[in-house]
Amino acid sequence: TFMVNKSSGINAEYGKEELKEKLATMYRTTADVIMPFGFRTDFGGGRSTGFALIYDNVDAMKKIEPNYRLARFLPKKDKTGGRRQRKELKNRKKKVSGKKKTELGSCKRNGKF
C-alpha cells in the first residue's frame with residue numbers, strides 16, 4: 001500500500017486508467033495488477049491524493065481485494081435476458097424461500113425437464 005499524489009497542473013485531471021499505466025512503468029509491472037482507490041481532489045483543484053495497491057498477480061488481487069473494488073476495474077458481465085424478464089424473475093423470487101429461489105431461474109419451472 002502506498003499513497004499517491006497526482007498533480008494535473010492546468011490540464012483536466014487524468015483518470016485512474018492513466019494513473020495505472022504510469023505506476024506500471026514506474027514499478028516495472030503490468031497495469032492489471034494495480035488497484036488505485038480513495039482519490040480526493042484538493043480544494044482549488046490541480047492535485048489529487050489517493051491510495052494504490054500493487055499485487056504479484058491477478059489471482060492474488062482477486063483473492064484479497066473486496067468485490068466492489070474488483071467490479072470497478074474487471075470487465076463487466078453481460079446481463080442475461082431482457083429487462084422485463086429480470087423484473088419478473090425478481091418478483092417471482094420474492095414469493096418463494098430457500099432452495100426454490102435457485103430453481104426458479106432454471107428450466108425446471110417451465111416443465112421442460
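Let us start with valine 4. Leaving aside residues up to four places away in sequence, valine 4 touches Leu19, Leu23, Phe39, Ser48, Thr49, Gly50, Phe51 and Ala52. Please bear in mind that this is a predicted model.

Which residues make up the largest nonpolar core? Val4 belongs to this core of eight, together with Leu19, Leu23, Ala24, Ala31, Val33, Ile34 and Ala52. Helix α1, residues 16–26, supplies the largest share of the core, namely three residues. There is also a second, separate core of six residues, among them Met35, Phe37, Leu53 and Tyr55.

I turn now to the overall arrangement. The protein chain contains five helices and three strands, and their order along the sequence is β-α-β-β-α-α-α-α. Among contacts with a separation of 6 or more, 42% join residues 24 or more positions apart. Of the 113 residues in the protein chain, 21% count as buried. The accessible surface of the chain is about 9000 Å², and carbon and sulfur atoms account for 52% of that area.

Finally, the charged side chains. The count of salt bridges comes to one: arginine 69 pairs with glutamate 65, with the closest N and O atoms 2.9 Å apart. Are these two partners buried or exposed? Arginine 69 has 13% relative accessibility and therefore counts as buried, the limit being under 20%. Glutamate 65, at 5% relative accessibility, counts as buried by that limit as well.

Thank you for your attention.

How values were computed: Residues are numbered from 1 along each chain as its sequence is written. This is a predicted model: local features need pLDDT of at least 70, side-chain atom pairs count only at pLDDT 80 or more; totals for chains, interfaces and linings use all residues. Side-chain values use heavy atoms; hydrogens and water are left out. A nonpolar core is a set of buried Ala, Val, Leu, Ile, Met, Phe, Trp, Tyr and Cys residues joined through side-chain atoms within 4.5 Å. Buried means under 20% relative accessible area, exposed over 50%, partly exposed in between (1.4 Å probe, protein chains only). Helices (H or I, at least four residues) and strands (E, at least two) are DSSP runs, numbered from the N terminus. Contact means heavy atoms within 4.5 Å. Accessible areas come from the Shrake-Rupley method with a 1.4 Å probe; for residues, only the protein chains shown count as cover. A salt bridge is a side-chain nitrogen of Lys or Arg within 4 Å of a carboxyl oxygen of Asp or Glu.
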